[in-house]
Amino acid sequence: MLKDSFLFNPILNNTITDTHYDNPDRKGRHVTFLARIFQDYGVAAKGIACEEYTAVCIDTNGIGHVYGDFPSNDDYAYFLQPNCILPNTPENCTSGQPLTWNRNNEAVKVYKVAGTQNGINTFNLNDWRNGSGGTWQNWFVTNGVLNIDTSAIAPNCPTAINTIDVSLSKEITIYPNPAENLITISIPEIILPNTLTIFNCFGEKMYENNAPTNSNQLNISRWENGIYFLKVTCLNNSLILKIIKN
């Protein structure tokens, strides 16, 4: 079976989107998708959702800007992620039975952001923790019923040496960039990435290194001119950088 990506943006890997959150039933549907992916594939997928007159625009630094007509209208975007405190998998995600994904009433952490005409409110898609102009919520499902706690706090994830700190992202360098032949991907010693992956603008994987070092050299002389995306992955955290081939 042949399949192609309808929309490719490396920063949206393992992310389910929804553009019809004006219908409240879509929230439960969205959470169920995330639960099923977690149950069947062991992937802690994330979600981005908008109400119908709201848009999330992701800039080149991986920051999502939320546009809408708030406060004239209730235009919001939502950023969903499974809580990082273990255990965090659904308690019951079985075909033919009501979903239960409760985890002490904190199964899914959600950042709710109002969309404004200037897009001043944001959420950082590099770390999925930091945002501006929004509030945190806990979503949880008990016996098929979605509940929302609006008094939540940000995810309290344990830190690890192989998690990319946003403040260190500027220290990951690609040089020369633009490049014609050889590039070097330089990574600070404090960051221990699991994988380096490069995609072209069509989502095709051009390169993958599952044992990267602090200095990684790659010959791109045979690649077509254009824009490529480097994904640096550490555990469930990732960072996207742009490579220009000329």
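Which residues does Asp149 touch, not counting residues up to four places away in sequence? The legends below take up this question first and then turn to other places in the predicted model.

The model is a predicted one, in which local features need pLDDT of at least 70 and side-chain atom pairs count only at pLDDT 80 or more, while totals for chains, interfaces and linings use all residues. Residues are numbered from 1 along each chain as its sequence is written, and side-chain values use heavy atoms, with hydrogens and water left out.

View 1. Asp149 lies in strand S10, where strands (E, at least two residues) are DSSP runs numbered from the N terminus, as are helices (H or I, at least four residues). Leaving aside residues up to four places away in sequence, Asp149 touches Gln137, Asn138 and Phe140, a contact being heavy atoms within 4.5 Å. The side chains of Asp149 and Ser151 are joined by a polar contact of 2.7 Å; such a contact is a pair of N or O atoms within 3.5 Å, of which, within protein, one must be able to donate a hydrogen and the other to accept it, and residues adjacent in sequence count only if both atoms are side-chain atoms. Asp149 has a relative accessible area of 26%, so it is partly exposed, given that buried means under 20%, exposed over 50% and partly exposed in between (1.4 Å probe, protein chains only). The C-alpha atoms of Asp149 and Val110 are separated by 9.9 Å, although the two residues are 39 residues apart along the chain.

**View 2. Asn88 and Arg103 in the loop between S5 and S6.** Asn88 lies in the loop between strand S5 (76-82) and strand S6 (108-114), and Arg103 is found in the loop between S5 and S6 as well. With a relative accessible area of 11%, Asn88 is buried, whereas Arg103, at 23% relative accessibility, counts as partly exposed. When neighbours within four places in sequence are left aside, Asn88 is in contact with Phe38, Asn83, Trp101 and Arg103. A polar atom of the Asn88 side chain lies 2.7 Å from the backbone oxygen of Asn83. Phi of Arg103 is near 50°, which is a positive value in a residue other than glycine.

View 3. The structure holds 12 aromatic pairs, where rings of Phe, Tyr and Trp (its six-membered ring) pair if their centres lie within 6.5 Å, and planes under 30 degrees apart count as stacked, over 60 as edge-to-face and the rest as tilted. One of them joins Phe70 and Tyr76, whose ring centres are 5.6 Å apart and whose planes stand at 55°, so the pair is tilted. Phe70 is partly exposed, with a relative accessible area of 30%, while Tyr76 is buried at 17%. Trp223 and Tyr228 also form a tilted pair, with 4.9 Å from centre to centre and 40° between the planes, and both of these residues are buried. Elsewhere, Phe79, Tyr111, Phe123, Trp128 and Trp136 form one aromatic cluster. The charged end of Lys46 sits over the ring of Trp128, 5.5 Å from its centre, and that of Lys112 sits over the ring of Tyr76, 4.2 Å from its centre; to count, NZ of Lys or CZ of Arg must be within 6 Å of the ring centre and within 35 degrees of the ring normal.

View 4. S11 and strand S12 (residues 182-186) pair in the antiparallel sense over 3 bridges, and the bridge partner of Thr173 in S12 is Ser186. Pro178 lies in the loop between S11 and S12, and the peptide bond that leads from Asn177 to Pro178 is cis, with omega near 15°.

Methods:
Two strands pair if DSSP finds at least two bridges between them.
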